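User: I have a model open and want to learn how to read its features. Can you take me through it step by step?

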Amino acid sequence: MKKEELQAIASQLKHPTGEKGIEMANMMHEININMTRHSVQNLHVISGNTILELGHGNAGHLEYVLEQAQDLTYYGLEMSELMCQEAQQINVAFVAKKQAHFSLYNGTDIPFEEASFDKIFTVNTIYFWQEPEKLLSEIYRVLKPEGTFCITFAEESFMKQLPFTQFEFNLYSTEKAESLIEKTAFQVVHKETLTESVKSKLGEWVDRAFTTLVLGKR
């Protein structure tokens with residue numbers, strides 16, 4: 001593929017726009033659903049929890065999240081206006097019942113009061129964080145004292161094989177992510193790396209290693 005085409009893929013993955021953005025979001029949902037479910041499982045959601053997700057895409061997985069326990073409330077934050085709109089349309093029933101709330105943010109400042117959420121998670125967004133330490137401090141601020149935060153991401157060893165990740169992406173290994181966490185007030189409670197077979201965004205079947213870091217407040 002040409003450089004311009006690879007740059008376009010990277011740009012859409014970071015910030016989906018237009019018809020191509022909707023197509024990319026549908027593909028991302030299919031490719032990443034196992035990673036998303038694994039992240040949600042590691043939250044150990046219980047009845048009455050309030051959950052925040054950063055970078056939810058089209059939120060085709062929301063029903064799975066809300067099935068984890070009774071009386072859950074979900075908040076989703078997105079940088080992409082298109083994804084915010086898509087998520088609301090796909091999950092219109094949950095929005096109508098006020099079980100789900102979607103809004104935009106700038107990728108760094110979280111527009112909620114401190115100690116607002118029992119559980120927070122994000123999948124495949126860490127590569128695009130502009131100010132990682134600041135965002136993590138914001139997540140820490142809005143997480144309740146006994147809360148849990150899960151970060152799930154594909155390992156650098158896999159991601160660097162994909163030609164479009166040379167643009168827009170900042171890749172992470174488990175070790176690099178842990179080094180970032182050490183600069184914050186979070187502590188790593190649990191970590192797990194799994195390998196799955198997925199169809200890449202270029203249409204090929206590949207083995208992808210991904211990691212979930214479960215973080216708690218010190």
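User: Is Ser179 buried, partly exposed or exposed?

Analyst: First, a caution: this is a predicted model. Burial is read from relative accessibility, with buried set at under 20% and exposed at over 50%. Ser179 has 39% relative accessibility, so Ser179 counts as partly exposed. Its place is in helix α8, residues 174–182. From Ser179 to Leu54 is 125 residues in sequence and 21 Å in space, C-alpha to C-alpha.

User: Why does Ile151 count as buried?

Analyst: The same cut-off of under 20% applies. Ile151 counts as buried because its relative accessibility is 2%. Ile151 sits in strand β5, residues 143–154.

User: Which residues is Ile151 in contact with, beyond its neighbours within four places in sequence?

Analyst: Thr122, Ile126, Trp129, Leu136, Ile181, Thr211, Thr212, Leu213 and Leu215. His15 lies 136 residues from Ile151 in sequence, and the two C-alpha atoms are 19 Å apart.

User: Now helices. What span should α2 have?

Analyst: α2 has 24 residues, so at 1.5 Å a residue it should span 34 Å. The end C-alpha atoms of α2 are 32 Å apart, which agrees.

User: Where does α2 bend?

Analyst: At Asn32, by about 60°.

User: Which residues of α2 are buried?

Analyst: The general idea comes from the helical turn. An α-helix has 3.6 residues a turn, so residues three or four places apart point the same way. The buried residues of α2 include Gly21, Met24, Ala25, Met28, Ile31 and Met35. Asn32, the site of the bend, is also buried.

User: Which residues of α4 are buried, and what covers them?

Analyst: In helix α4, residues 81–90, the buried ones are Leu82, Met83, Cys84, Glu86 and Ala87. Their cover includes α2, β2 (73–78) and β3 (100–104).

User: What lines the largest cavity?

Analyst: There are 42 lining residues, and Met28, Gly55, Val123, Asn124 and Thr125 lie nearest the centre. Elements giving two or more residues include α1 (3–14), β1 (50–54) and β6 (186–199). The largest share, seven residues, comes from α2. By type, the lining divides into 22 nonpolar, 14 polar and six charged residues.

Terms used
Residues are numbered from 1 along each chain as its sequence is written. This is a predicted model: local features need pLDDT of at least 70, side-chain atom pairs count only at pLDDT 80 or more; totals for chains, interfaces and linings use all residues. Side-chain values use heavy atoms; hydrogens and water are left out. On a 1 Å grid over the protein atoms alone, a cavity is a set of points where a 1.4 Å probe fits but cannot get out, and a pocket is an open set with protein on both sides within 12 Å along at least five of seven lines; lining residues have an atom within 4 Å of a point. Helices (H or I, at least four residues) and strands (E, at least two) are DSSP runs, numbered from the N terminus. Ala, Val, Leu, Ile, Met, Phe, Trp, Tyr, Cys and Pro count as nonpolar, Asp, Glu, Lys and Arg as charged, and the others, Gly among them, as polar. Buried means under 20% relative accessible area, exposed over 50%, partly exposed in between (1.4 Å probe, protein chains only). Contact means heavy atoms within 4.5 Å. The expected span of a helix is 1.5 Å times one less than its number of residues. The bend at a residue is the angle between axes fitted to the seven residues ending there and the seven starting there.
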